[in-house]
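Please look through the structure shown here together with the briefing below, which goes from the ligand to one helix and then to a few single residues.

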Amino acid sequence: MNGEEFRHWSLKAAEWGADYRESLRERPVRAQTQPGEIAARIAASPPETAEPMEQIFADFEEKILPGMTHWQHPRFFAYFPANAAPVSVVAEYLVTVMAAQCMLWQTSPAATELETKVIDWLRQALGLPEGFSGVIQDSASSATLAAVLCMRERALSWQGNKQGLSGQPRLRIYSSDQVHTSIDRAIWVSGVGEDNLVRIPADGKFRAMDVAALEAAILADKESGFLPAGIIACVGGTSVGGTDDVVAVAAIAQKYGLYLHVDAAWAGSAMICPEFRHFWTGIEGVDSIVFNPHKWLGAQFDCSVQFVRDPDVLVRTLAIKPEYLKTHGKDGIINYSEWSVPLGRRFRALKLWFLLRAHGLEGLRQMIRNHVAWAEALAARLGEEPGFEIMTEPMLSLFSFRHAPTGVADLDAHNQRLLNAINDDGRIYLTQTRVDGRFAIRFQAGQFEATEQDVRDAFAVITEIAALLSL
Ligand SMILES: *Cc1c(COP(=O)(O)O)cnc(C)c1O
């Protein structure tokens with residue numbers, strides 16, 4: 001592709017992107033294709049000779065687009081959002097064009113220095129005290145893995161990396177039963193092992209871990225010769241928003257010298273609003289926090305921020321400095337690749353800088369406040385609707401419900417059918433979870449461009465399809 005063609009196709013892609021965003025409301029939110037349907041349209045082998053760009057681009061629209069689920073659709077109410085605010089897409093385009101590898105300070109000083117700045121902007125935005133620094137990871141899963149490795153290495157006086165885990169005391173890590181599967185995987189990959197993740201039952205309105213049970217488990221483990229290493233608390237769990245009492249958990253962590261990591265991957269964005277910070281009161285007492293600006297805040301995927309109180313623990317756990325990676329003669333610089341598992345890193349700070357400046361904190365707060373208010377209103381309305389039950393009350397903008405009309409014997413199967421029918425209809429997109437063993441439909445409002453009307457439309461679609469199924 002020569003320079004002239006690059007210009008032409010870049011402009012074409014930009015035009016396409018703007019048209020695409022404008023046309024989202026007319027598209028079904030979830031892809032309406034069957035497994036294998038898209039693969040069947042793709043040539044079995046790579047071409048030997050070059051194909052014209054016109055054909056490649058046309059095939060993208062014809063063969064790929066129908067198999068896309070539209071995460072930027074304003075009526076995407078499934079999972080959690082993966083917002084890509086238009087301004088962050090523009091920043092991503094610039095990052096893509098420069099395609100810098102930002103592993104060390106010298107491999108792009110601006111990327112490192114801007115990262116330090118925007119991390120500190122976010123620290124202030126979230127109301128975290130001075131003294132927290134941080135790093136942008138690709139995902140919350142990576143951030144939590146890094147935190148678990150810190151727990152492991154700190155507890156083993158940094159001998160795990162060197163000697164391996166066999167022959168070491170058996171480590172124990174504690175969490176509630178509401179945490180995300182990324183915690184399980186961090187426990188597997190770090191060599192701690194699933195059997196050593198002690199799941200403390202969670203209860204109450206916010207499904208917080210039972211802190212007395214946590215302490216009892218730690219004491220029993222010490223008694224049995226295990227080595228407690230850390231606790232993972234959650235603020236806004238993925239299933240129904242489970243949220244631990246950070247003050248109480250931090251007190252236990254401190255009492256027993258355990259590393260405390262908080263997973264606030266989704267809910268962290270809401271902490272730009274002071275009125276929601278009661279959900280993580282005590283956060284200043286934790287060792288690390290992960291939150292994903294690529295979820296609710298609007299930074300195009302991927303962009304996960306890990307705050308740490310003491311970066312030395314992270315660097316001591318993860319930094320490797322072979323000669324060819326050293327930066328000689330520069331003092332006081334940060335090489336962020338020493339703060340994460342992967343060496344190579346994308347320039348992720350630029351989209352945050354664009355996003356925060358173009359919307360301002362006040363603009364982003366308003367969006368989040370709207371989502372919370374609209375979700376609460378929808379939960380209230382559905383709760384009053386005959387035949388509907390709210391299974392879990394809104395935690396921020398997330399709640400769960402089910403349709404339980406009289407005379408339906410198998411409510412789990414009925415709600416699975418309802419969910420499938422809603423998603424086949426395509427006007428909205430919802431996903432499911434289990435609440436105390438029962439099938440529940442999740443609803444979260446969080447798409448960057450959703451309006452109050454979109455959330456009202458969700459009520460209309462849910463009740464209309466439920467009525468049809470009950471005929
Ligand atoms: C989404 C989510 C994760 C995983 O995030 P990734 O960035 O996809 O790894 C972890 N924990 C919670 C609470 C989440 O909502």
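A residue is called near a molecule or strand if one of its heavy atoms lies within 4 Å of it. By that rule 14 residues surround the ligand, and the closest are Ala 140, Ser 141, Asp 263, Asn 292 and Lys 295. This is a predicted model, in which local features need pLDDT of at least 70 and side-chain atom pairs count only at pLDDT 80 or more, while totals for chains, interfaces and linings use all residues. Residues are numbered from 1 along each chain as its sequence is written, and side-chain values use heavy atoms, with hydrogens and water left out.

**The ligand**

- A polar contact is a pair of N or O atoms within 3.5 Å; within protein, one atom must be able to donate a hydrogen and the other to accept it, and residues adjacent in sequence count only if both atoms are side-chain atoms.
- A polar backbone atom of Ala 140 is 2.8 Å from an oxygen atom of the ligand.
- Side chains take part as well: an N or O atom in the side chain of Asn 292 is 3.0 Å from an oxygen atom of the ligand, and a polar side-chain atom of Thr 238 lies 3.3 Å from an oxygen atom of the ligand.
- Of the 380 Å² of accessible area that the ligand has on its own, the protein covers 87%, with areas taken from the Shrake-Rupley method with a 1.4 Å probe.

**Helix 13**

- Helices (H or I, at least four residues) and strands (E, at least two) are DSSP runs, numbered from the N terminus.
- Buried residues (under 20% relative accessible area, with exposed over 50% and partly exposed in between, for a 1.4 Å probe and protein chains only) include Leu 411, His 414, Asn 415, Leu 418, Leu 419, Ile 422 and Asn 423 in helix 13.
- These residues cover an arc of only 165° around the axis, which puts them on the same side of helix 13; the arc is that of the directions from the helix axis to the C-beta atoms.
- An α-helix has 3.6 residues a turn, so residues three or four places apart point the same way.
- At the start of helix 13, the backbone nitrogen of Asp 412 has a side-chain oxygen of Asp 410 within 3.3 Å, and after the helix comes Gly 426, whose phi is positive, near 90°.

**Single residues**

- Arg 207, in the loop between strand 4 (202–203) and strand 5 (208–209), is buried at a relative accessible area of 18%, and its side chain makes a polar contact of 3.3 Å with that of Asp 436.
- Ser 142, which lies in helix 5 (residues 140–155), counts as buried at 16% relative accessibility, and a polar contact of 2.5 Å joins its side chain to that of Asp 138.
- Asp 310, in the loop between strand 9 (304–308) and helix 11 (311–318), counts as partly exposed at 39% relative accessibility; its C-alpha atom is separated by 7.7 Å from that of Ser 133, although the two are 177 residues apart along the chain.
- Met 1, in the segment before helix 1 (3–22), counts as exposed at 62% relative accessibility.
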